[in-house]
Amino acid sequence: DLVRLSTDAAARSVYGRALLNWGAADFESGRYTEADEHWQEARLTLQDDPAELSNCLNNLAVLATVRGELDKALQLYQQVLAVDLENENLDQMALTHLNMSMVASDQERWDDALELSARSLELCRQVRMFAHEPMIHLSRAEALMGKGDAAAQQSLAAALRGFRRLDDALGMADVLRFQGRLCREQ
């Protein structure tokens, strides 16, 4: 608490980033309660650093998603968007919209998922973050499949091309899994 309440901004920043990393290690080890505690403390410590606060809120939103607390995750993502909009962090906004589209798909809110993935794709193109486009196309395909829209195949093809270009074997495997599901449904 002494560091978090310190007037030394540099000390607070170092401490807050350490908490973010500590929470990430906890999360990766499946210690979600500890990750939540570290990220909540980081949130208080880093409240004056918009970029780090955004990272912290984003981590908490991912944690909420993993825990199945999807409404809470969306609320946290809205907070991330507010921080990033105020600070014109378009890169993070693109990723946040992508994450929100995946949560909307988990809730079977297909139209919302499509709208969010479209925003994400637009922002990625605007800031030239092409490496994220395949995942956006994959998320879009899932929503289209949920709606029973044949355009899902086109999104899957775009995702597969993108993952191949990036030489991303796991991404390609995800696309193939969705293509298999699509074939089964047809």
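The buried residues of helix α2 pack against α1, residues 9–28, and α3, residues 50–66. This is a predicted model, so please take what follows as computed. Those buried residues in α2 are Ala35, Asp36, His38, Trp39, Ala42 and Thr45. The helix itself runs from residue 32 to 45, 14 residues in total. From first C-alpha to last, α2 reaches 20 Å, close to the 20 Å expected at 1.5 Å a residue.

Staying with Trp39: Trp39 is buried, at 3% relative accessible area. Where does its ring go? The ring centres of Phe27 and Trp39 are 5.8 Å apart, and the planes meet at 35°, so we call the pair tilted. Phe27 sits in helix α1 and Trp39 in helix α2, so this pair ties together parts 12 residues apart in sequence.

Phe27 also pairs with Tyr32, again tilted, with 5.3 Å between centres and 40° between planes. Phe27 is buried at 17%, while Tyr32 is partly exposed at 30%. The search of the whole structure gives two aromatic pairs.

Next, the core. The largest nonpolar core has 51 residues, and Trp39, Leu138, Leu156 and Val175 touch the most other members. Helix α4, residues 70–86, supplies the largest share of this core, eight residues. Setting aside neighbours within four places in sequence, Val175 contacts Leu138, Leu156, Ala159, Leu160 and Phe163.

Last, the cysteines. The disulfide count is zero. Cys124 is buried, with 0% relative accessible area, whereas Cys183 is exposed at 54%.

How values were computed:
Residues numbered from 1 in each chain as written. Predicted model: local features only at pLDDT ≥ 70, side-chain atom pairs only at ≥ 80, totals over all residues. Heavy atoms only, no water. Disulfide = S-S within 2.5 Å. Buried < 20%, exposed > 50% of the residue type's maximum accessible area, 1.4 Å probe, protein only. Helix = DSSP H or I, 4+ residues; strand = E, 2+ residues; numbered from the N terminus. Expected span 1.5 Å × (residues − 1). Contact = heavy atoms within 4.5 Å. Core = buried A, V, L, I, M, F, W, Y, C linked by side-chain atoms within 4.5 Å. Phe/Tyr/Trp six-rings, centres within 6.5 Å; stacked < 30°, edge-to-face > 60°.
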